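Welcome! Take a moment to look over the sequence and the 3D picture, and then we will walk through them together.

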Amino acid sequence: MNRYYLDHNASSPLRTDVRAALSTYVNDPLGNPGGVHWHGQRARALVERVRRLLRQSIGRSDGRVVFTSGATEANNLLLKSLPTETVVVCSRIEHASVLEPLLDHSGTPIHWLEADPDGRLDPDGFARVARVVREGCLVLMAANNELGNLNDVTAFANVCLEFGWDMHVDAAQVHGRLGFDASHPGITSVTFSGHKAGGPPGVGALWVANEKRLRPQMEGGSQEMGYRSGTENVLALAGWEPLLAHPDEQSWQSLAAVRDELERWLEQTFGARANGDLQRRLPNTLHCSFPDRDAEEVVMALDLEQVSISAGSACTAGSQELSHVLRAMPWDDARRRGGVRISFGPEHVDLRLEFLKQRFMDALK
Ligand SMILES: Cc1ncc(COP(=O)(O)O)c(C=O)c1O
């Protein structure tokens, strides 16, 4: 029986051209980009090519791209660089790699942006704070990794520009999938992850408009212009390159059809309740609550039928606790406890749903 992998928001398996690029360099090793010899220079050229591609992909030729080990490190680097007294506005449904450094950064005044029952965040709510507090930093994910909601980045960026606020966008779930245009002058920094659209895990980046504000969190050999010491992950960058050069947005966009059909069927068959902003979300993501069932039970039963989905966020995996996103939602306990995420990937564009539906029937009958 073949297995269905429906957890692309946790990590999307390597694309074929990514695998090919990786194996090229596994068999013909790159040097250290710090080396002055031919091997080193070849590695340096690769690193700089990927940096250029990343800039092009977001439409910014100014500022700096700093490569990191992933989106977690990029968020940490930016947020730990903020002066302690900086006023921060963000929501409780941001990724843990945003919330933890902010909460650890003792003294940072945080204004919480409340999510509505569908997980939507209101730019006017933010404008009310920005009008009163003269300077600060808005931290906003472009898409929520659990509910799939797409935030109105442009509307928030307009407010930031009007009131002179910085704006940090965590684009981990959209970049390489739907595309992410950071050309709005209100956006001052962006986080990227390599592995959410079929690239290698263990690589990511932070783009910042004003590099002078960065405070290195990793010290050593002064790689990445001194902002992030440690030898660049050249192999992973080699794998990221084809993804940046040839994003497959069409496939990701077209997943809405499969997602919508499964969602309707789960509602009709099991009384599942769809969660999130149903008008504006990642096309590959379905979040729903099963009545009278715990999410863990649903996940385990489906796993026995060779279907991998997730309850809560896999980034806090291993824990049986409700994710912080579900805890923050103004829902009753049963809806929170029954919440699961199903996230499709490009291999599902032509998926024949009758076979998958049968697995759900066998698991949940
Ligand atoms: C919105 C968001 N930010 C950050 C991360 C962390 O990404 P990485 O695994 O590259 O550290 C994730 C991973 O799920 C995410 O979804």
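## Around the ligand

Let us start with His-195: an N or O atom in its side chain is 2.8 Å from an oxygen atom of the ligand. Keep in mind as you look that this is a predicted model. The protein covers 92% of the 390 Å² of accessible area that the ligand has on its own.

Ser-193 places a polar side-chain atom 2.7 Å from an oxygen atom of the ligand, while Asp-170 has a polar side-chain atom 2.7 Å from a nitrogen atom of the ligand.

What surrounds the ligand as a whole? There are 14 residues around it, and the closest are Thr-72, Asp-170, Gln-173, Ser-193 and Lys-196.

Now for some background: in soluble globular proteins, nonpolar side chains tend to be buried together. In this model, the largest nonpolar core has 90 residues, and Phe-180, Trp-240 and Leu-266 have the most contacts inside it. This core lies between domain 1 (4-13 + 248-364) and domain 2 (16-245), because both domains give residues to it.

Apart from this core lies another one, of 17 residues, including Leu-79, Val-98, Cys-137 and Leu-206.

## A closer look at Phe-180

Which residues does Phe-180 touch, leaving out those up to four places away in sequence? Its contacts are Ser-57, Ile-58, Ala-142, Val-153, Val-169, Ala-171, Val-174, His-175, Ile-187 and Val-190.

Note on methods. Residues numbered from 1 in each chain as written. Predicted model: local features only at pLDDT ≥ 70, side-chain atom pairs only at ≥ 80, totals over all residues. Heavy atoms only, no water. Core = buried A, V, L, I, M, F, W, Y, C linked by side-chain atoms within 4.5 Å. Buried < 20%, exposed > 50% of the residue type's maximum accessible area, 1.4 Å probe, protein only. Domains from an automatic or database assignment. Contact = heavy atoms within 4.5 Å. Near = heavy atom within 4 Å. Polar contact = N/O pair within 3.5 Å; in protein donor to acceptor, adjacent residues only side chain to side chain. Areas by Shrake-Rupley, 256 points an atom, 1.4 Å probe, with all protein chains shown as cover.
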